[in-house]
Amino acid sequence: MFWGGGGAAPPPHGRPHRDRVEISGAQYDSPGWDNGTNRSLNKEWVDVTNTSRHAVNLDGWTLSARDGRTYTFHHYRLAGRATVRVHTGVGRDSGRDVYQDRRRYVWDNRSDTATLRDDRNRRVDTLSWGGHRDDRGHHGDGHGHGGGHR
């Protein structure tokens, strides 16, 4: 199971339209046992979606966990109305999937917050699940699944 949906508040009246990029879903608890294999690591992911019609350059943008583990996008352009899935494990980056190339899980199954920041370190969006709440973010509870322990 994964959690998705929601979005940032619309821009106030009088402001020009801006590109919107958001965290659109997450599978923070890899299905089955968290056995540390690359396959299991890559079933832990966060989706980042561009809801506008225009491509957005994500070079220098970051996706981080509450404990500070951070993935930085390098030379990545997200097409309009497209989603990129950020996997935890090792893999070959493509237009639809990128990999953090980690050998350990990033997201806490019980409670965590994913934060997306732009290349100027401004928070763009957050997604929280479990007992922790980031009241500045737009998402509430997500629901993980599967067994295993971290």
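## Close-up views of a predicted model

The protein chain has an average pLDDT of 82, and 75% of the residues score at least 70; pLDDT is the predictor's confidence in each residue, from 0 to 100. This is a predicted model, in which local features need pLDDT of at least 70 and side-chain atom pairs count only at pLDDT 80 or more, while totals for chains, interfaces and linings use all residues. Residues are numbered from 1 along each chain as its sequence is written, and side-chain values use heavy atoms, with hydrogens and water left out.

View 1. Let us start with N50, which belongs to strand β3 (residues 45-50); helices (H or I, at least four residues) and strands (E, at least two) are DSSP runs, numbered from the N terminus. N50 counts as buried because its relative accessibility is 0%; buried means under 20% relative accessible area, exposed over 50%, partly exposed in between (1.4 Å probe, protein chains only). Beyond its neighbours within four places in sequence, N50 is in contact with several residues, including R20, V21, L78 and R81; contact means heavy atoms within 4.5 Å. L78 is 28 residues away from N50 in sequence, with 6.7 Å between their C-alpha atoms.

**View 2. Polar contacts of the N50 side chain.** Here the side chain of N50 makes a polar contact with the side chain of S52, at 2.8 Å. A polar atom of the N50 side chain also lies 2.7 Å from the backbone oxygen of H54. A polar contact is a pair of N or O atoms within 3.5 Å; within protein, one must be able to donate a hydrogen and the other to accept it, and residues adjacent in sequence count only if both atoms are side-chain atoms.

View 3. The structure holds four aromatic pairs. The pair Y28 and W129 is stacked, because the ring centres are 4.3 Å apart and the planes at 5°. Rings of Phe, Tyr and Trp (its six-membered ring) pair if their centres lie within 6.5 Å; planes under 30 degrees apart count as stacked, over 60 as edge-to-face and the rest as tilted. Both Y28 and W129 are buried. W107 and W129 pair edge-to-face, with 5.9 Å centre to centre and 70° between the planes.

**View 4. R85 and the ring of W45.** The charged end of R85 sits over the ring of W45, 3.5 Å from its centre; this term requires NZ of Lys or CZ of Arg within 6 Å of the ring centre and within 35 degrees of the ring normal.
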